[in-house]
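Dear colleague,

Please find below the structure that I am handing over to you. A description of the findings follows it, and I would ask you to read the two side by side.

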Amino acid sequence: MEHNHKQPELEVRVKDLIEVDGLKFKDLNNSGKLEPYKDWRLSPQERAKNLVSLMNIDEKVGMMLINTRGMGLSQKDKRKTSRDGVLDEGIVEKGENIFAASKIWGTTHTIENMNLRHFILRDNWSPAQMAEWVNTMNEVCEGTRLGIPCLIASNSRNENTEFIFGMNDAAGIFSTWPGTLGLAAAAQGEIKNGGDASLISQFAEIAHDEWDAVGIRKGYMYMADTVTDPRWQRIYGTFGEDPEFISEAIGRVIDGFQGNALGNHSIAMTTKHFPGGGPRENGFDPHYEEGKWNLYPTPGSLEKYHLPPFRAAVEHGTSSMMPYYSIPSIKKSVVQEFEGVDIPFEEVGFTFNHYFLQHILREKLGFKGYINSDSGVTNKMSWGVETLSEAERFAKAVNAGTDLVSDTNDIENLKKAIENGWISEKRIDEANERLLTEMFALGLFDDRTYVSTENAASVVSNQANWDAAYETHKKSVTVLKNNNQTLPLTAEKVDNKKVYVEVFHKEPERAASYTEIARKECQELGQITLTENFEEADTAIMFLHPKSGAYFSATPGLLELEICEDKTETALDGSTYQETTLSDMAHLKEVADSIHVRGGKVIISVNVIMPWILGNVEPLADALIAGYDTFYKAQVEVMAGNTRPVGVLPLTLPASEAVIAVDENGECVSRNDVPGYDKDKYMPEGLAYAYKDSDGNIYKLGHGLTF
């Protein structure tokens, strides 16, 4: 391998530089000598190997854990901060919050005494403030025995979305694009129109520049999961249900964030959730016990629908892979094969699943990076290994191939597993070498330890990036129905006419604040005359934001996909309860009826974060639109005809409750492991899966009208 011997610009804040052969190196361990790990002329692998040989057991254990770390700015009690308020030194007792599975110490103690070097940032301050925090964290790291820097990871930050802890922690600071499904809708629309998916590459390259400038160098993204069970709560974070498109999107995302190979300016990607979280047991999520199973009732489904995007991720060199919490079910699956060989199902979560991680991911797919567990696998979500102690769970995960355990600082139990001889020193060294190779490749030991706060602010405020994001919002808008050419709302159609705009949400107080935003954005366009009284309006534009279920707890019955209010449901235990996915449904109908009585037109936009069943709202609409956390202004621009509609559905919307009904044995009438576009192959006679509207449009993958 040829190495670049050009002197990098090295900055030290605690240690000294040394000079050898007329070149400068960081003396990270104060030895005055040039050990291989300090020598930027050597390969990341050589340097990692040398550093691991110098580390003690505590340093190796700390390297294998990644934990959420707050910024000092988020600490309410400023006495619990250090370094001018930049670092959070607060202590959280075990069990005090959802992620404090063990006691959380202050930042300095965690770095210096617990030896953690991987941290997840969920806070959302300004680019300059985040950059300063990353720099200060690394300053503390530089002062430690071996001067090992830290690596900051984050979930997606570039999507317009409501805050959900642990999924969508941050939005609105970096250039703000539609949700992942919106990227898919826009790119698949471009492909349908004879173009390609290059807007996904553009998205990734722009987001990359923003992350790189701030110093967040590792992304817990994106989801390569193929949507097959429509009730899964995490569908909005996927690229939809077409494995071929998802594979292309994941490849473009990795290339855009990482570049051709991991280097000084790469954002290292963690592709999730291997081998696919789509085949849920009737939508229940493995963040809670009711959702711990992956079902494969259909021959060949795992290889045909779920694994292809992960193969693409490996081919594009994803730096790490995150296995899902769930367990492959033997009882509710048929034998699955991969490359002609039967897959033995061990009923443990994929983080603990040796066959999936070693044989399929590493040997068959050729994955070379490291394996990063999902959050909480050794305590809360330890499906299939619940009877093991926490130290035994660490051993089971690490021996199965997991190198980094997420959202924990439980150094005691990992160390105990090693001291008891349950994990070999060779395996611990292997995990550390993989983790450190990434850090060396990213330049964290050399000229990328610290970033410029001024540069962070200027890169993120670049208007061209925000403009590109806005263009994609417009392209994501999907016209599902357009009865009698209701759209576009051209000047002649709205001239001397009044338009009523309202937003509906599951939470009425959000509906009110969103309505203000939507009206303001319509006003800004200046093409329509608004009224706040629907009874004098000729046209109504209504934006619906339905919501269903919760991440960390199961609904009493199956997750509701109908847009409904106070609907009586039957729980799994036979009792009944009320469910609402959208408030003020009676008012929605009242507005629509009032407009129709006067011969006016009703335009309804539904925020598709899940494959909603539209039977309660589609008949009210003359024109029906799908958005995906898409800006109101961008949607209205399409409605007004300023932009030709491009978006298409990235997934199929179910026809009715009948096509997703579940019998008393827990079996769904449509297959949990097959995408919507293929479900009809397995449906009972006379039952079609996709929704058909009053104009005869079928809302399946790829549907989208234009004008």
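In this predicted model, helix α5 (residues 180–192) packs with α6 at an angle of about 140°, and their axes are 8 Å apart. Angles over 145 degrees would count as roughly antiparallel, and α5 and α6 are therefore oblique to each other. From α5, the residues L183, A186, A187 and E190 make the contact, while α6 contributes L199, I200 and F203. Sorted by class, the contact of α5 with α6 has six nonpolar residues, no polar ones and one charged.

Helix α6 also meets a further helix. The axes of α6 (residues 198–214) and α7 (residues 243–258) come within 8 Å and cross at roughly 30°. Angles under 35 degrees count as roughly parallel, so that is how α6 and α7 lie to each other. Their crossing is right-handed. On the side of α6, the contact is made by S198, I200, S201, A204, E205, A207, H208 and W211. On the side of α7, F245, A249, R252, V253, G256 and F257 take part. By class, the contact of α6 with α7 has eight nonpolar, four polar and two charged residues.

I turn next to the empty space in the model. Rolling a probe the size of a water molecule over the atoms shows where such space is left. The largest pocket holds about 920 Å³ of space. It is lined by 40 residues, of which P44, L262, G263, F440 and A441 are the closest to its centre. The largest share, five residues, comes from α13. In the lining of the largest pocket, 13 residues are nonpolar, 17 are polar and ten are charged.

Most residues other than glycine have a negative phi, and most peptide bonds are trans. Where does the model depart from this pattern?

- The peptide bond from K272 to H273 is cis, with omega near 0°. H273 is found in strand β9 (residues 268–274).
- F274 and P275 are also joined by a cis peptide bond, and its omega is about -5°. P275 lies in the loop between β9 and β10 (293–294).
- R83, a residue other than glycine, has a positive phi, near 55°. R83 is placed in the loop between β4 (81–82) and β5 (87–88).

The lining of the largest pocket, with its five residues from α13, could follow.

Yours sincerely,
A colleague

Technical notes
Residues numbered from 1 in each chain as written. Predicted model: local features only at pLDDT ≥ 70, side-chain atom pairs only at ≥ 80, totals over all residues. Heavy atoms only, no water. 1 Å grid on protein atoms, 1.4 Å probe; cavity = no way out; pocket = protein on both sides within 12 Å on 5 of 7 lines; lining within 4 Å. Points joined across faces, edges and corners; volume = space filled by probe spheres on them. Helix = DSSP H or I, 4+ residues; strand = E, 2+ residues; numbered from the N terminus. Nonpolar A, V, L, I, M, F, W, Y, C, P; charged D, E, K, R; others polar. Axes fitted to C-alpha atoms, helices over the stretch in contact; angles between N-to-C directions. Parallel < 35°, antiparallel > 145°, perpendicular 65-115°, else oblique. Left-handed = near helix turned anticlockwise from the far one by under 90°. Contact = heavy atoms within 4.5 Å.
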